[in-house]
Amino acid sequence: MGAPPGYRPSAWVHLLHQLPRADFQLRPVPSGFAPREQEYQQALLLVAALAGLGLGLSLIFIAVYLIRFCCCRPPEPPGAKSPPPGGGCVTWSCIAALLVGWCWRRWRRWARQ
């Protein structure tokens with residue numbers, strides 16, 4: 001099975017295909033395309049787990065930043081006019097919950113296929 005005519009892989013494709021592959025015991029795996037072999041599947045799962053870990057960490061950092069930015073305001077001096085309490089925090093919390101729910105639903109649909 002070759003590439004379709006006129007297809008030129010991007011630099012990302014070349015970079016990702018040159019990365020060393022390892023299974024769960026961190027033994028090297030041949031770089032050939034063999035989706036039915038257990039070692040190849042383990043190497044693919046390991047790469048996907050690392051990508052998922054990076055995504056999870058970035059979402060946690062974004063959530064902490066938004067909570068800190070929206071909800072933890074310094075105390076205001078007496079007599080100063082302030083916006084209604086919690087308005088921005090509720091909005092950002094709803095947006096974050098919707099994004100997490102949407103991502104979860106997409107992932108569940110993808111995992112069932």
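A patch here is made of residues with over 30% relative accessible area and no salt bridge, with nonpolar side chains joined within 5 Å. All views below show a predicted model.

Figure 1. L50, L53, L57, I60, F61 and V64 make a nonpolar surface patch. The patch covers about 630 Å². One of its members, F61, lies in helix α2, which runs over residues 38-71. F61 has a relative accessible area of 59%. Exposed means over 50%, so F61 counts as exposed.

**Figure 2. The stretch 43-65, listed by UniProt as a transmembrane region.** An unreviewed UniProt entry lists residues 43-65 and 85-104 under "transmembrane region". These annotations may be inferred rather than shown by experiment. In the model, residues 43-65 are 100% helix and 0% strand.

**Figure 3. The largest pocket and its lining.** The largest pocket holds about 380 Å³ of space. Its lining is made by 15 residues, and those closest to the pocket centre are L16, R21, A43, L44 and V47. Two elements, α1 (11-18) and α2, each give two or more residues to the lining. Helix α2 gives the most, with six residues.

**Figure 4. The salt bridge between R27 and D23.** A search of the whole structure finds one salt bridge. The side chains of R27 and D23 meet in this contact, at 3.0 Å from N to O. The two partners differ in cover. D23 has a relative accessible area of 2%, which is under 20%, so D23 counts as buried. R27 has a relative accessible area of 47%. That value falls between 20% and 50%, so R27 counts as partly exposed.

**Figure 5. The whole chain, for orientation.** The protein chain has three helices and zero strands. From the N terminus on, its elements run α-α-α. The chain has 113 residues, and 10% of them count as buried.

Definitions and conventions
Residues are numbered from 1 along each chain as its sequence is written. This is a predicted model: local features need pLDDT of at least 70, side-chain atom pairs count only at pLDDT 80 or more; totals for chains, interfaces and linings use all residues. Side-chain values use heavy atoms; hydrogens and water are left out. Helices (H or I, at least four residues) and strands (E, at least two) are DSSP runs, numbered from the N terminus. Patches are made of residues with over 30% relative accessible area and no salt bridge: like charges are joined within 9 Å, nonpolar side chains (Val, Leu, Ile, Met, Phe, Trp, Tyr) within 5 Å. Accessible areas come from the Shrake-Rupley method with a 1.4 Å probe; for residues, only the protein chains shown count as cover. A salt bridge is a side-chain nitrogen of Lys or Arg within 4 Å of a carboxyl oxygen of Asp or Glu. Buried means under 20% relative accessible area, exposed over 50%, partly exposed in between (1.4 Å probe, protein chains only). On a 1 Å grid over the protein atoms alone, a cavity is a set of points where a 1.4 Å probe fits but cannot get out, and a pocket is an open set with protein on both sides within 12 Å along at least five of seven lines; lining residues have an atom within 4 Å of a point. Grid points are joined across faces, edges and corners, and a volume is the space filled by probe spheres set on the points.
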